[in-house]
Structure formats: C-alpha cells, structure tokens
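Dear colleague,

I am handing over the structure below, together with notes on what I found in it. Please read them beside the coordinates.

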Amino acid sequence: MKRLYLDRLRQFTAQLCVMLCVALCLGQLAPVTTLAQSTTPPAEADVVRFLEQATWGPTDTSVARVQQIGFEAWLQEQFNAPLTGYPNLAVPPADRCMACPAGSPPTCERDLYTMYPLQVRFFQNALRGQDQVRQRAAFALHKILVVSSNTISQPSAMSRYLNILFNNAFGNYRDVLQQITLNPAMGDYLDMVNNAKPNLRTGVEPNENYAREVLQLFSIGKVMLNADGSAKRDAAGNAIPTYTQDTIEGFAHTFTGWTYAPLPGAVSKWKNPRNYVAPMILYRNAQGVDEQHAKEAKQLLQYPGSRFPTLLSNQDGEMDLQQAIDNIFYHPNVGPFISLRLIRSLVTSNPSPAYVARVAAKFDNNGANMRGDLKAVVRAILLDAEARGTNPTPANYGKLREPLLFATNVLRAFNATSDGAMTSSVRGLGQSLFSPNSVFSYFSPEYVIPGSGGTVGPEFLIHSTSTSVARVNFVNKAVFGRFGDAAPNGTQLNLDACIALAANPNALLDKLNKLMLHGTMSAAMRTEILNAINAVNATDLKRRAQTAIYLVAASSQYQVQR
C-alpha cells in the first residue's frame, strides 16, 4: 500500500513539475502574496531569496546570520571570507601506464586523468565552504568564459583555469580577460596557443577561433548595446554590428606568436610541448625577436571615445596583446553585456532594462573611478531594488534552477553530509560539471522559451520531459535514501529538524515554506501536501517529514527560483 501511495505521489509531482514550470515562465500564474517587506532587520522571506541568489542554497544558519547583521554586513563578510578554490594538481605523465602501473588502486586513472577530483572539490566547497558568494560568482564567470573538459581532459590543466575565475571573482574584469587570454587551457581549447603569423608561402592565416569568441562571448557580443543592454539600431531599425570580419582577422593576427611556457629545465622553442601549469609566453628567438608574431597592420575595434589605438602595426607582441585587451575592455558594450549575463546567472532571466543599466553603471564606475570592479558589480546585482523584496511582481521574474543549483539547494537546506561525489547524480539532470557542450556554455544565455512570447529562459534549453522526471527521482533518492556508498561516505540529508516537527504538519509546512519557498507556498499546494502528510500513519514521523520534503522539493514552485 505504501509503495502504491508513493508511486501516486511521484506521478502527481512529476505532472505538477512540468505544468508549473511552464506556467511560471509563460506568466500564467498570478503573483503570490508574500510576507511584508522589512528592512531592519530584513524580512525572513527576502533573506531566503537573497541567499538563493548569493549562495549555493539557504541554510537555517545562513538565514539567521543575515537576519542578525543585514545584507551589506553579510556581503562584506563574504568578500573577506577565506578562499576555498581548487588544488593546483600535479601534472601526471602522458603515459597512463607509467602513472598507474599494475597493482595501482582502481581509482588511479580516475583521479589523475578525469575531472573527478575537481568535481568532488566543487561539491565539498558548495556544501560547506564559507565563501559562498565568491563560489557563485566564479561559476557564473565559468559559464561566460568557457573552457570544457570535453577538450581539456586533465584536471591539472582545468584547475589553473578555474582558479583564475575563483581568484578574480571579486577582482577586475580586465585582469580576468588578460589572464584567461594567456591561460594554456583556454589557449588549447580555442586554438590561440601556437597560433603563428601568416605564412606567405603556404597561404595559411592565423586561427580566428579565440579572436571571435573573446569578442562575441567573453566581452561585447555581436551588436552594439545601449547602457540598459538593449540593441542599438540604425535609421532602418537594424541592429548595429560591433565588429566585422576584418576586426576578427585583426585580433587573430594580434594574438599570434604565443606558445606554452617551456617545461622546467627545457630550452624554449616555437611550439613548446604542452604545459598547463604556467601562463603562455610570447616566443622569442635567440636574438630576442618575436618572430612568430604578425607585425603588419591589424584593425581592432573602432568605437567612439576609444582610449587606445585601434590600428596596431609593427609592435612587439607583448604590447600588441596589452593594447588589444584594453581595446576590448574599454568598449562601452562590456558593462551591459557582462552585467546582463551575471544577473541572469544569479537573480533573474528577464531583468528590466533599468536593472541592467544600474548594474552596468557600477561596472563602468564603481564609485571610485574604477572600471570593471566585479565586487562592486556583484554587490549591485544582489542589493538592487529589483533583486530585493518579498514580492516580485513581474510574472516572468526569476529563473529555473539549473541542475547544479537545484541539487545544492536541496542538499544545503537539510545540512547534508557528503563526500562530494555527486557529479554523476547531477549529470542525470542534464548538466555535466565542467563539461559544457560547447563554448556557448551549458545552455545559451539568450535562449527564448518556445511559445512564451519572448521570455528568456536559458536553463530551459536543457530542461525536458526526461530531465523533469529525473529531478523528481533525484529528490526521491535524496529524501528517502542516500547517494553513493554507505555511511560515512556518500551523501545524505539530515532530516532531524523536520522529523521533530512532523507531529504537527502545519508547523512542518511552515518551516519548509520559509526555508525553501520564502513564504510563497500557495493555499492549494499547502492543502495538497497537508493531505499527503495526514495520509501517513501519525506515528511514522520520519515518513511524514519525508513526504512533505519530497513534495516541496520536487514541485515547480521550488524548482523555479523567484
């Protein structure tokens, strides 16, 4: 009988998940009345929403802390929190048999040649690390400046790339562009490493891959933008392009002559062997000449108010690179382009133009005449009036929690113990950690939900009937079982606090409503879950708690972060 009952619950929740997700994103549900907003101390509902945006998921402890000291002071604590990050792993031999000879542990190749150690560290950091805002900001940058383990398979290479984003998450975006441009994992992924000047004999021109993506995806986009992120248009109503093919070729020629740093003890040469530990270097011959760098005239971005040369010619490769990065960084598009993507990653998929403009203004000037200050940008995103409050009114406000965020929110809400081995469980939800399908990331930031009338919903690109059911199954396993090995390994929720309330279903639902839904549970939803709780034997407090948690966590009202 219990089996039949649970099967019916799962069927009901799976159907509810699909219907509510679509309804929320199409604006077919009326705004839900929430708790009244307060500022001193901040309203609990707004605190929970804030922590959904700023962390990998609210916890009872973090909610209490923000209520105690307020948003600004809590953010300052986060900006000063010790970094977690990723270990700079040793580089294993290219010969796997040498690294893992006969008799090695069965996990040897997994730990040396796959993303496993970094993925484990990710979940350990997300569930227990104190630098939650830095982690979220760094992951948002990873989804913009993409390197994928589909191509860069060694964890020792990927860790250096990830740490650039981690270390600079509250730094300056110009430094991010500079360091990412010279990162060997990026150089390999987008073909900048060993990119030579034009070969007049063979007619081979420099590879344009990195030149195109650093403009299209990492900085300015394809069309000129207003300060609010909307497209600028010409007299005929057409969007104005930011660059031409000549511009791409100019940057491709500019980014020539760079190779891997020489391995320890080796003499540098053109096309040094792979070395992911150190930044790429400009190759120079014995006379100190950067002979593989293109010296001819190179056209860069042209825009009003440019502070740097837009035409480079007959310069050293180091100077060319610095001026090219400056040419990109000071383009007026960078503020609104990057701000919009960070807002979509942290807060809402459809921010108002005014919201984008306010954040972009902080990118352009942090208040101390500094451009590109990511700490100021993150603060502006999280404290903006459109992000705060207990009752967001636009019907398309919020975002579908991407699989990683969905999983960590569930685990953190119930203080899960974990060894960090959660990647395979989340992969089944449609997102493979550190392995985005392409340079366009795990999902396109511009994806529009079909039939929605233009509503942007990036995460819906990887959401389907099968992944919707997989989410329900994930919750079922989390609530009624565990992930991975038996204790003390694996991952398991701690339900003690909810079990203690299970004799009083209304008190149990009050707790779940506050922590998981920031007070937005509809009357109809509450009635359905109360009926489900009361259908469980009153003496089976654990099953009552599990039933309530399962239905809340699997619902679309939870899966859509509003």
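Does aspartate 246 count as buried or exposed? At 52% relative accessibility, aspartate 246 counts as exposed, where exposed means over 50% relative accessible area, buried under 20%, and partly exposed in between (1.4 Å probe, protein chains only). Please bear in mind that this is a predicted model, in which local features need pLDDT of at least 70 and side-chain atom pairs count only at pLDDT 80 or more, whereas totals for chains, interfaces and linings use all residues. Residues are numbered from 1 along each chain as its sequence is written, and side-chain values use heavy atoms, with hydrogens and water left out.

Aspartate 246 sits in helix H13, which covers residues 245-254; helices (H or I, at least four residues) and strands (E, at least two) are DSSP runs, numbered from the N terminus. Together with Glu205, Glu249 and Glu296, Asp246 forms a negative surface patch, a patch being made of residues with over 30% relative accessible area and no salt bridge, with like charges joined within 9 Å and nonpolar side chains (Val, Leu, Ile, Met, Phe, Trp, Tyr) within 5 Å.

Turning to the covered helices, H8 (residues 132-142) has eleven of its eleven residues buried. Histidine 142 belongs to this helix and is buried at a relative accessible area of 1%, while its side chain makes a polar contact of 2.8 Å with the side chain of tyrosine 161. A polar contact here is a pair of N or O atoms within 3.5 Å; within protein, one must be able to donate a hydrogen and the other to accept it, and residues adjacent in sequence count only if both atoms are side-chain atoms. Helix H10 (residues 173-181) is largely enclosed by the rest of the structure, because seven of its nine residues are buried, among them Tyr173, Leu177 and Ile180. The N-terminal end of H10 is capped by asparagine 172, which places a side-chain oxygen 2.9 Å from the backbone nitrogen of arginine 174.

Next come the charged pairs. The whole structure holds 22 salt bridges, each defined as a side-chain nitrogen of Lys or Arg within 4 Å of a carboxyl oxygen of Asp or Glu. In one of them the side chains of arginine 284 and aspartate 316 meet at 2.8 Å, N to O. Arginine 284 lies in the loop between strand E2 (281-282) and strand E3 (298-299), and aspartate 316 in the loop between strand E4 (311-312) and helix H14 (317-329), so this pair ties together parts that are 32 residues apart in sequence. Arginine 284 is partly exposed at 31%, and aspartate 316 is partly exposed at 26%.

Another salt bridge joins aspartate 320 and lysine 298, whose closest N and O atoms are 3.1 Å apart. Because aspartate 320 lies in helix H14 and lysine 298 in strand E3, the pair ties together parts that are 22 residues apart in sequence; both residues are buried. Elsewhere, Asp46, Arg49 and Arg388 are linked in a network of salt bridges.

Finally, two backbone angles deserve a look. Most residues other than glycine have a negative phi. Asparagine 314, however, has a positive phi near 55°; this residue is in the loop between E4 and H14 and is exposed at 62% relative accessibility. Asparagine 369 has a positive phi of about 60°, lies in the loop between helix H16 (353-364) and helix H17 (374-383), and is exposed at 72% relative accessibility.

With best wishes

Note on methods: Accessible areas come from the Shrake-Rupley method with a 1.4 Å probe; for residues, only the protein chains shown count as cover. Lys and Arg count as positive and Asp and Glu as negative; His and the chain ends are not counted. The place of a charge is taken as NZ of Lys, CZ of Arg, CG of Asp or CD of Glu.
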